[in-house]
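Please read the points below with the sequence and the model open side by side.

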Amino acid sequence: MTALSVLFLAVSVASALADSNVYFREQFEDGDAWSSRWVESKHKSDYGKFVLSAGKFHGDAEKDKGLQTSQEARFYSTSSRFDDFNNQGQPLVIQFTVKHEQSIDCGGGYIKLFPSSLKQEDLHGDSVYNIMFGPDICGPGTKKVHVIFNYKGKNHLINKDIRCKDDEFTHLYTLIVNPDNTYEVKIDNKKVESGSLEDDWDVLPPKKEWDKAENIPDPDAKKPDDWDDEMDGEWEPPMVTNPDYKGEWKPREIDNPAYKGKWIHPEIDNPEYTADHDIYKYDSIGVIGLDLWQVKSGTIFDNFLITNDPNLAEEIGNETWGQTKDPEKTMKDKQEEEDRKKREEEDLQRKEETKEEGEQEEKQEEEEEEDDEEEEGEEEEDLEEEDEEEDDGTDSQLKDEL
């Protein structure tokens, strides 16, 4: 490698690093100080409370601490502000981790990205957002990743079905929105979906509309003279195939003089369609929020990241979630093994207690039977003594009379 090549490579790396920006990062590594950065909404008085926790099992007791939902059947609404920016001409990367350690039955695990104009104290379900992204689970029928874009005041859902993770472990969710109007969704640093914003969201009217069909009936065709509509009438003998029957008559088809080649949907320009190369762009991005509903609480949100560098996001994902996911599973497996042994011991103890209770009952019944037999024996002896006394009295009386 020449000196010039080395210099060019160094300049390229430096340029790439200079263009890499982190707009927001939150890992909750300073204890309760997080509450000074996150603002709870006061729009309702009964919002659920977030608490700082690593959960019942984790890979690292400190690094895995995040915001955990703590109350059943509640709405949750909190947000954190950062310096306003726009994503014109650059990628927008949103990344965070979610852990449903409670085996969630119905509830959201997504984030919302808001413009800086949001009033955090009044955040609620109808607050206007730029992007909504993340998992949503409700029963066996809904287990999907939401990717919703606000375009010109209207929220647009993705046309594809992206399945989310539904186990109890921590998972990494990443959304990449590129300035060429393409996108990519990753789960656990692996691509699960990608495509075009224009193709996979109905943000714009279709480019084309339906045109004429490829084939049309021959306007000059006439019904043949030998065609008999009554040939399939009632017939007493068994029915046989009629060699002269030609089926239901249809006019023959001819080449369509207006046909322009193989039909591709759509065929003609849609006058309502206007191309937009800035679908991806948001002029103001300044707040990230958790605005969701959960029936069963316990979800933990952590490792929030907003950047313009997909490679950096992947590296940070590997350094955070990637480092603790295996120890987390090990701890969970160990807990389950301990719980299994404890259940077995409790079952064995219950069986022994039941057996002891049964033996005690049998012993008690035997003792009661012995007591009953003794009482019966004593009663019999008393009766015999009474009989003897009566006999002795009778004999004495007879002697006196004699």
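**Notes on the model**

1. Asparagine 303 is in strand β20, where strands (E, at least two residues) and helices (H or I, at least four) are DSSP runs numbered from the N terminus. Its phi is positive, about 55°, although the residue is not a glycine. Most residues other than glycine have a negative phi. Asparagine 303 counts as buried because its relative accessibility is 12%; buried means under 20% relative accessible area, exposed over 50%, and partly exposed in between (1.4 Å probe, protein chains only).

2. A word on the source: this is a predicted model, in which local features need pLDDT of at least 70 and side-chain atom pairs count only at pLDDT 80 or more, while totals for chains, interfaces and linings use all residues. Residues are numbered from 1 along each chain as its sequence is written, and side-chain values use heavy atoms, with hydrogens and water left out.

3. The protein chain has four helices and 20 strands. Of its 402 residues, 35% are buried. Among contacts (heavy atoms within 4.5 Å) with a separation of 6 or more, 73% are between residues 24 or more positions apart.

4. A second residue with positive phi is aspartate 188, which is not a glycine either and has a value near 55°. Aspartate 188 sits in the loop between β13 (182–187) and β14 (190–196). It counts as buried because its relative accessibility is 15%.

5. On a 1 Å grid over the protein atoms alone, a cavity is a set of points where a 1.4 Å probe fits but cannot get out; a pocket is an open set with protein on both sides within 12 Å along at least five of seven lines; lining residues have an atom within 4 Å of a point. Grid points are joined across faces, edges and corners, and a volume is the space filled by probe spheres set on the points.

6. The largest cavity has a volume of about 100 Å³. Asparagine 303 is one of its lining residues, together with Asp64, Thr97, Lys99, Thr170, Ile300, Asp302, Thr324, Lys325 and Glu328. Two or more lining residues come from each of β6 (92–100), β20 (299–307) and α4 (321–401). By class, the lining has one nonpolar, four polar and five charged residues (Ala, Val, Leu, Ile, Met, Phe, Trp, Tyr, Cys and Pro count as nonpolar, Asp, Glu, Lys and Arg as charged, and the others, Gly among them, as polar).

7. The largest pocket has a volume of about 180 Å³. Its lining consists of 13 residues, and those nearest the centre are Asn150, Tyr151, Lys152, Lys281 and Tyr282. Six of the lining residues are nonpolar, two polar and five charged.

8. Which residues touch the most other members of the largest nonpolar core? They are Val147 and Phe304, in a core of 56 residues. Such a core is a set of buried Ala, Val, Leu, Ile, Met, Phe, Trp, Tyr and Cys residues joined through side-chain atoms within 4.5 Å. Beyond its neighbours within four places in sequence, phenylalanine 304 is in contact with residues including Phe24, Trp38, Phe96, Ile111 and Leu290. A second, separate core has five residues, among them Val93, Leu305, Ala313 and Ile316.

9. Serine 297 lies in the loop between β19 (285–294) and β20. It is buried because its relative accessible area is 11%. Its side chain makes a polar contact of 2.6 Å with the side chain of glutamate 72. A polar contact is a pair of N or O atoms within 3.5 Å; within protein, one must be able to donate a hydrogen and the other to accept it, and residues adjacent in sequence count only if both atoms are side-chain atoms. The backbone nitrogen of glutamine 71 lies 3.5 Å from a polar atom of the serine 297 side chain.

10. Glutamine 102, in the loop between β6 and β7 (106–108), is among the residues that serine 297 touches. Glutamine 102 is buried, at 10% relative accessible area. Its side chain and that of threonine 299 are joined by a polar contact of 2.9 Å.
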